[in-house]
Amino acid sequence: MRFSSIGTTVAIVFATLSSAISSTSFAQTTLAQRVSSVPDGVVRVQFAGRSGTCGDGKDMIGYRNALFMDSFQSIGKWNAPDCRPGPVRVALTVANGKATKVKTSVGGDWPRTSERVTDLGTITSSEAATYFFGLIPQIERFSSGRDKSRFLLPAVLADDPIALPRLISLARDDARLQETRRQAIQWIGLLGDARVVPVLVEFARGGGAAPAGEDINEDDEAPGKKGLATTAMAALSTLADGAGVPALIDLSRTGTSGTKGAAVFWLGQTGDPRAFAALHTVIENGREDERIRAQAIFSMSHGDQTPDAEFAYLRTIFSRLTSRKMKDAILMGMGEDKSGGSTWLIERARDTGESLETRKTALFWAGQKQSTPTKDLAAFYRSAEESSLREQAIFVLSERKDEAALDELLRIARDDSDKRMRARALFWLGQKDDPRVAKLISDRVSR
């Protein structure tokens with residue numbers, strides 16, 4: 001897919017922006033003047049939020065598939081029964097007529113404070129949007145690390161049509177901090193529809209952003225790197241009704257190595273059948289870089305909406321893969337398979353046709369799955385012949401928190417015929433705070 005309508009889309013967007021600005025300029029001046037004239041302390045305002053906005057009256061705010069807390073944000077599935085609709089409440093810390101801090105909440109009541117409070121009451125959403133967007137250049141540099149994902153909230157949650165054109169303008173503004181532009185792009189994905197796809201694709205390919213070398217590391221294997229281009233691909237994945245999926249598929253086929261890796265990662269987070277089909281193509285493409293193919297496997301297996309059939313597909317192709325990196329990605333991915341995978345992982349650990357390293361990796365991920373019975377891991381240890389696999393099994397048992405694992409480690413430390421295995425079990429037992437371990441060590445010392 002190619003996108004040739006960027007200029008037209010941007011023209012329409014900025015025409016809308018100009019109209020919105022002119023219609024609200026008086027409100028902006030009025031509210032800004034009111035804030036600047038109050039004494040130092042806290043200024044409170046509240047206004048109607050967008051449909052779907054909720055909160056707990058304190059630090060939690062939800063909108064569509066985004067959840068914001070005091071110290072983190074999450075984009076994806078979330079469940080918060082205490083997130084209820086209500087007005088958007090904003091408390092501004094003001095000093096010498098200038099706002100230096102913004103705290104946003106939804107619903108509930110204003111908290112008690114010993115600071116001097118000036119309550120400006122309820123304002124219109126149009127007033128709020130225009131004022132808080134205008135405040136961004138002033139407030140962005142005051143925001144602390146944990147506030148970086150929150151200072152746009154009052155601007156974007158205001159139920160007003162100017163948000164999208166404002167966000168596009170903000171994302172394109174080289175004078176803004178990188179984090180501000182990232183947050184703007186993220187909100188373009190949360191608020192936009194198919195009409196913003198060309199704008200996000202332009203950012204994904206590096207247009208209007210930093211040079212690709214400053215944004216996507218072509219050798220970086222870590223998903224979700226926090227640059228403008230990668231943020232644009234994340235935004236494409238969050239567009240309603242899968243509107244951004246075709247663009248992500250195109251980026252996964254035609255982008256640079258770094259762009260492809262990021263695109264396949266975000267494809268896997270969409271849960272869209274078209275995305276999974278595209279990931280199959282990447283995985284099966286022997287001419288593609290194995291890092292990209294492994295990334296496609298990781299993405300497919302670590303999505304919130306990956307169906308059981310995709311895990312079955314990965315197990316099916318495992319035996320015909322020759323890349324260690326890709327095999328390791330599948331073994332790791334089986335740890336995310338909620339419906340099974342434990343038996344298959346242990347079978348791979350027993351498979352003498354695989355390398356010892358692959359078998360050890362399979363055993364590790366079997367142990368990481370809570371659904372894997374400890375008795376199966378203990379049985380593997382007792383039947384394994386290679387000492388490196390037995391040592392790995394001891395380590396895997398030491399990672400588990402259940403009594404059965406501790407019992408097996410104690411048995412190995414006391415009774416195993418292999419002195420080296422007894423020593424390894426005793427070493428890992430020494431990391432645990434259990435009276436039986438203390439007694440075992442005491443008995444050894446007193447001999």
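At what angle do helix α6 and helix α8 pack? In this predicted model, helix α6 (residues 197-204) and helix α8 (residues 228-238) pack at an angle of about 150 degrees, and their axes lie 7 Å apart; axes are lines fitted to C-alpha atoms over the stretch in contact, and angles run from 0 to 180 degrees between N-to-C directions. The two helices are therefore roughly antiparallel, a term for angles over 145 degrees.

On the α6 side V197, L200, V201, F203 and A204 meet A229, A232, M233, A235 and L236 of α8, where contact means heavy atoms within 4.5 Å. The residues of this contact comprise 10 nonpolar, no polar and no charged, with Ala, Val, Leu, Ile, Met, Phe, Trp, Tyr, Cys and Pro counted as nonpolar, Asp, Glu, Lys and Arg as charged, and the others as polar.

**A second pair**

Helix α15 (residues 342-350) packs with helix α17 (residues 374-383) at about 10 degrees, their axes being 11 Å apart, which makes the pair roughly parallel (under 35 degrees). I346, A349 and R350 of α15 touch D376, L377, A379, F380 and S383 of α17, and these residues divide into 5 nonpolar, 1 polar and 2 charged.

**The whole protein**

The protein has 21 helices and 8 strands, which are DSSP runs (H or I, at least four residues, for helices; E, at least two, for strands). Of its 447 residues, 50% are buried, meaning under 20% relative accessible area with a 1.4 Å probe.

**Basis of the values**

Residues are numbered from 1 along each chain. Local features need pLDDT of at least 70 and side-chain atom pairs pLDDT 80 or more, while totals for chains, interfaces and linings use all residues, and side-chain values use heavy atoms, without hydrogens and water.

Definitions and conventions: Parallel < 35°, antiparallel > 145°, perpendicular 65-115°, else oblique.
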